[in-house]
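Morning, everyone. I have one chain to take you through today. Have a look at the sequence and the model first.

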Amino acid sequence: MEKKDCCCTAVRSVSTLNIQYAHRFYGFGGEARYLHGHTGVLKIEVEDSVNQGVNMVYPCNEIKKIAWSVLRNFDHALVLREDDPLLKAVLDVYETEGIRNGARTNVNKGPAFRTSLCTAYPECRVVVTKETMTVEGFIKMVYELLKDKLNIVRITFKSGDNTASAKFPSRLTLDRCPCCGVTLENGTCPKCGYRKADGICRT
Ligand SMILES: [Zn+2]
Ligand SMILES: [Zn+2]
């Protein structure tokens, strides 16, 4: 029988993460002006060819790991706009309580980050944003944080009754390990040690 090449050239691997956070829409004419919380469901879609060695676009657990290493700073966090006076009020209470600069139980932290849209303060579980953290606003922040690590072509975020979805152009071609599917760093797999130069899997 004639061998046919796979016709799937742009397939997606999809990873879903849950993020619990509190926020409010400062200055908004609705009940969302009051501080409240959500469990948001974030869906990240990564596109590429199917990596022949592992028969995947990208391992979904690895997408999750890469995304969570940064986005965990939004989990169990307070997300407030930079001009919101609640920010100072909350930080003052945290200061008095002795948890402003960290606490023994505050361990689920990622490295602090600052982008043009948001700054994370993991030690007090606060993220300060430039714009109101709507579902649309969060998608912009997520894309900015992860766009150089994953070839993201769609992000969907559902929080309460609100859902937004945004499409992005495919713009990264990542060299992936044929043994475990993760992105090679300088031609070497950070997970199994595979080297593109000699093509030998070391798993
Ligand atoms: Zn809300
Ligand atoms: Zn590998």
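Helix α3 has 12 residues, which at 1.5 Å a residue should span 16 Å; its end C-alpha atoms are 17 Å apart, so the two agree. That expected span is 1.5 Å times one less than the number of residues. Helices here are DSSP runs of H or I, at least four residues, and strands are runs of E, at least two, numbered from the N terminus.

A word on provenance. This is a predicted model: local features need pLDDT of at least 70, side-chain atom pairs count only at pLDDT 80 or more, and totals for chains, interfaces and linings use all residues. Residues are numbered from 1 along each chain as its sequence is written, while chains are lettered from A and ligands numbered from 1 in the order in which they are written.

Back to α3. Which of its residues are buried? Val135, Gly137, Phe138, Ile139, Lys140, Met141, Val142 and Leu146. Buried means 20 or more other C-beta atoms within 10 Å of the residue's own; exposed means 12 or fewer; partly exposed is in between, with C-beta atoms placed from the backbone. The buried residues of α3 pack against β2, α1, β4, β5, β6 and β7 (162-167). Contact means C-beta atoms, placed from the backbone, within 7 Å.

Now the core. A nonpolar core is a set of buried Ala, Val, Leu, Ile, Met, Phe, Trp, Tyr and Cys residues joined through C-beta atoms within 7 Å. The largest one has 29 residues, and Ile44, Val46, Val79, Val127, Phe138 and Val142 touch the most other members. Two or more residues each come from β2 (36-48), α1 (60-71), β3 (77-81), β4 (118-121), β5 (126-129), α3 (135-146) and β6 (152-159). The largest share, 6 residues, is from α3. Take Ile44: leaving out residues up to four places away in sequence, Ile44 touches Ser15, Ile63, Ala67, Ile152 and Ile155.

Next, α1. This helix also gets a length check: 12 residues, reaching 16 Å from first C-alpha to last, close to the 16 Å expected. Glu62, Ile63, Ala67 and Leu71 are buried. Seen down the axis of α1, the buried residues fall within an arc of 160°, so they line one face. The arc is taken over the directions from the helix axis to the C-beta atoms. On the other side, Asn61 and Lys65 are exposed. Trp68 counts as partly exposed because it has 17 C-beta neighbours inside 10 Å. The buried residues of α1 pack against β1 (11-23), β2 and α3.

On to the sheet. It is open, with 7 strands in the order β4-β5-β3-β1-β2-β6-β7 and mixed pairing. Pairing needs at least two DSSP bridges between strands. β4 and β7 stand at the edges with a single partner strand each, so one side of each has no neighbour in the sheet. The twist averages 25° from one strand to the next. α1 packs on this sheet, touching β1 and β2, and its direction makes about 30° with that of β1. Axes are lines fitted to C-alpha atoms, for helices over the stretch in contact, and angles run from 0 to 180 degrees between N-to-C directions. β6 and β7 run antiparallel, joined by 6 bridges. Arg154 has Lys167 in β7 as its bridge partner.

Last, the whole chain. There are 3 helices and 7 strands, running β-β-α-β-α-β-β-α-β-β from the N terminus. Of 203 residues, 27% count as buried.

Definitions and conventions
Two residues are in contact if their C-beta atoms, placed from the backbone, lie within 7 Å.
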